[in-house]
Amino acid sequence: MLSFGMIVSSALMIWKGLMVVTGSESPIVVVLSGSMEPAFHRGDLLFLTNQDEPVRVGEIVVFKIEGRDIPIVHRVIKLHEKSNGTVKFLTKGDNNSVDDRGLYAPGQLWLTKKDIVGRARGFLPYVGMITIYMNEYPKLKYGILGLLALYVLVHRE
């Protein structure tokens with residue numbers, strides 16, 4: 001049982017370390033829809049950073065909307081710079097016909113830096129499909145957890 005605890009604590013330390021290095025609260029995300037095709041497909045695993053750099057048109061960002069739990073991966077299509085130096089921006093999925101204003105919180109027309117979870121810096125194609133399958137088919141999730149528990153019980157020292 002000690003080895004299982006070590007695996008879990010190591011995974012948590014790696015996650016926290018990635019959060020510090022990347023500056024993102026969620027340094028790895030899975031693309032959940034086809035809205036960014038052909039750039040990214042459903043199930044692609046994205047690596048994010050959230051360094052203190054200005055947002056640019058064309059960048060792919062991951063953002064959270066107030067009242068929604070799941071972050072969205074879309075491209076910045078327009079910037080709105082105010083005279084006081086603040087910058088707001090508008091996003092859109094590459095495969096969508098309209099911008100994201102319909103997805104934003106009621107009354108929100110632009111995103112700000114505080115909405116950003118991170119910027120896509122790299123990806124692994126389809127590696128995140130297991131996460132999608134486990135959410136869509138809960139029995140699969142419990143089956144995998146059961147197999148892992150069985151493995152731990154059989155291989156304890």
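**Notes on the predicted model**

1. Let's start with the rings: the count comes to three aromatic pairs. One of them joins F40 and F123, in an edge-to-face arrangement with 5.1 Å centre to centre and 80° between the planes. F40 sits in the loop between β1 and β2 while F123 belongs to strand β6, so this contact ties together parts that are 83 residues apart in sequence. Keep in mind that this is a predicted model.

2. F123 comes out at 38% relative accessibility and counts as partly exposed.

3. Another pair to look at is F63 with Y104. Their ring centres are 6.1 Å apart and the planes stand at 80°; an angle over 60 counts as edge-to-face, so that is the label here. F63 is part of strand β3, and Y104 lies in the loop between β5 (87-92) and β6, so the pair ties together parts that are 41 residues apart in sequence. F63 and Y104 are both buried.

4. Now the strand pairing. Which strands pair with β6? Strand β2 (residues 45-49) does, running antiparallel to strand β6 (residues 116-124) over five bridges. Within that pairing, L48 has A120 of β6 as its bridge partner. Strand β3 (residues 60-63) is also joined to β6, again in the antiparallel sense, by three bridges. Here V61 is found opposite R119 of β6. If you are tracing side chains along these strands, recall that in a regular strand they alternate between the two faces of the sheet.

5. On to the pockets. The largest pocket holds about 280 Å³ of space. Its lining is made up of 14 residues, and those that lie nearest the centre are L32, I70, P71, I72 and V73. By type, the lining splits into 10 nonpolar residues, three polar and one charged.

6. Which strands supply the lining of the largest pocket with at least two residues each? Both β1 (28-30) and β4 (72-81) do. The biggest share comes from β4, which gives three residues to that lining.

7. The second largest pocket has about 220 Å³ of space. I130, M134 and I144 line this second largest pocket.

8. Two backbone details deserve a look on screen. First, the peptide bond going from E37 to P38 is cis, with omega near 10°. P38 is in the loop between β1 and β2, and F40 from the first point lies in the loop between β1 and β2 as well.

9. The other backbone detail is Y126. Its phi is near 60°, which is a positive value in a residue other than glycine. You will find Y126 in the loop between β6 and α2 (129-136).

10. Last, the annotation. An unreviewed UniProt entry places "domain: Peptidase S24/S26A/S26B/S26C" at residues 15-100. Across residues 15-100 the model has 9% helix and 33% strand, with the end C-alpha atoms 30 Å apart.

Technical notes
Residues numbered from 1 in each chain as written. Predicted model: local features only at pLDDT ≥ 70, side-chain atom pairs only at ≥ 80, totals over all residues. Heavy atoms only, no water. UniProt positions renumbered as here; feature names shortened; annotations may be inferred. Helix = DSSP H or I, 4+ residues; strand = E, 2+ residues; numbered from the N terminus. 1 Å grid on protein atoms, 1.4 Å probe; cavity = no way out; pocket = protein on both sides within 12 Å on 5 of 7 lines; lining within 4 Å. Points joined across faces, edges and corners; volume = space filled by probe spheres on them. Nonpolar A, V, L, I, M, F, W, Y, C, P; charged D, E, K, R; others polar. Pairing = 2+ DSSP bridges. Phe/Tyr/Trp six-rings, centres within 6.5 Å; stacked < 30°, edge-to-face > 60°. Buried < 20%, exposed > 50% of the residue type's maximum accessible area, 1.4 Å probe, protein only.
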